[in-house]
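Please examine the sequence and structure shown here before reading the briefing that follows.

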Amino acid sequence: MDEISHFLDLLSKLGPDVMSRLKSAGEVTVVHHDDADGITSAAILEWLLDENNIDSKLICLEKTFPQILSRLESEEGVLVYLDLGSPHAKLISKLNRGRDFIMILDHHDPEKVDDPKILNINPELYGISGESEASASAVVYALVRAIIGEAKGELAKLALIGAAEIPGEIAGLNELALRDALSAGLVKRRALRRRIDYAVVEGGRLISRSELSKRLTILGSVGYYRNGPQMALKACLEGFSPAISSLYKKLEEERKRLYREALTRLREGGFHTTTNVQWFHLGDLFLNVGSKVLGTFASYVMHRGMSRRDKYLVGFMHLNPKIPGLGELEGEYSKVSVRTPDQLAAMIRSKRMPSSAEVLSHVCSLLGGFGDGHDYAASGIIPRGRERELIRRMNRRVEQYAAKSKKGRASLDEFF
Ligand SMILES: [Mn+2]
């Protein structure tokens with residue numbers, strides 16, 4: 001049996017148990033990520049809960065703050081994490097102390113936990129790549145499909161929009177959603193000049209799934225403090241109403257305005273270059289939009305060619321302490337985002353320079369924060385005021401790595 005069939009088989013076996021736990025929960029707290037994948041994941045699960053008259057509460061999270069995980073622990077009923085949580089499964093298990101049933105449906109690199117109360121459903125644990133074959137939305141869809149025992153085109157369509165964050169041809173578990181959406185006639189295959197696109201039927205028109213994914217992500221991230229995630233979820237289940245469309249347009253305008261203002265600051269002395277790291281700090285400029293916008297802005301700066309191509313690009317901003325639906329964070333923090341321009345990325349690929357996630361998570365935890373990500377992009381949280389220290393420590397960490405890797409190569413050269 002191949003990995004996909006094995007995974008689907010497992011979901012069919014788990015289905016009845018998951019359903020009865022959700023039904024007996026009283027209330028289900030659904031904690032989901034702020035991008036299109038997290039939002040469509042929540043919409044798919046929400047459909048199932050609604051069908052079964054199960055009360056739910058939704059919380060959209062930008063980052064898995066340890067103090068938030070511990071606060072969520074005190075919520076009544078069942079907790080479900082969508083498109084986040086798997087990398088922190090050990091902490092989630094530790095905080096739970098064997099009390100409640102917790103389900104994690106995610107595709108990020110998971111931690112394995114041996115805890116009968118934690119159901120950590122992640123395709124990575126079954127030989128399916130979370131980076132190229134399975135979005136969180138496709139995982140949630142596969143589970144719901146197993147529970148209801150049939151394909152559901154409307155939900156498959158949502159899963160496919162969530163899966164737009166995965167580049168390249170649709171494969172693996174994402175393909176299951178594609179098949180179901182195609183046969184329900186809710187998705188059309190279009191050959192564009194350079195690639196195949198899948199367009200979604202939305203309000204009687206065909207719209208590219210990546211365009212819809214972008215809209216949901218803007219609503220969820222730029223509109224994070226203004227009910228954006230809830231509106232995005234509503235758009236998934238009921239379509240883009242005129243009110244939601246106009247909110248989207250307003251937020252997209254606002255994002256552009258903020259980018260322009262930020263660019264001006266960078267040009268007027270706000271961009272600093274050091275040995276291995278170039279950086280900027282936007283202070284309070286992005287305080288009223290989700291902190292994910294810092295990462296997309298950093299990518300934008302990099303693609304505009306404003307940064308050196310061989311140094312890590314680091315952006316900072318003050319983090320708004322509000323977590324809608326959950327209260328405020330204790331303490332004052334800054335968000336940090338790292339991007340890696342092309343020449344540097346090539347050096348990371350050949351192991352001459354360290355992965356951005358490795359460096360950032362190390363340095364953030366030294367400063368009393370946390371960070372994660374992958375080789376070429378990472379983000380983290382640090383106590384406010386430690387920004388310059390982060391740059392210093394990051395420079396040192398990169399230097400040490402580079403020196404070691406040079407030595408490694410030199411000895412290999414000797415060998416040959
Ligand atoms: Mn995702």
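**Strands β4 and β5**

Strand β4 (residues 102-105) runs parallel to β5, and four bridges join the two; strands pair if DSSP finds at least two bridges between them. This is a predicted model in which local features need pLDDT of at least 70 and side-chain atom pairs count only at pLDDT 80 or more, whereas totals for chains, interfaces and linings use all residues. Residues are numbered from 1 along each chain as its sequence is written, and side-chain values use heavy atoms, with hydrogens and water left out.

- M103 stands opposite L119 in β5.
- From β5 (residues 118-121), I118 and N120 point one way and L119 and I121 the other way, and all are buried (under 20% relative accessible area, with exposed over 50% and partly exposed in between; 1.4 Å probe, protein chains only).
- In a regular strand, side chains alternate between the two faces of the sheet.

**Manganese site**

- D37 (OD), D83 (OD), H107 (NE2) and E165 (OE) are the protein donors of the manganese ion, at 2.1 to 2.3 Å from it. Donors are N, O and S atoms within 2.8 Å of the metal (3.2 Å for Na, K and Ca); water is not among the atoms, so sites may look incomplete.
- D37 lies in helix α2 (residues 36-51) and D83 in the loop between β3 (78-82) and α4 (89-96), so the pair ties together parts 46 residues apart in sequence.
- Both D37 and D83 are buried.

**Helix α1**

- Helices (H or I, at least four residues) and strands (E, at least two) are DSSP runs, numbered from the N terminus.
- In α1, the buried residues include F7, L11 and L14.
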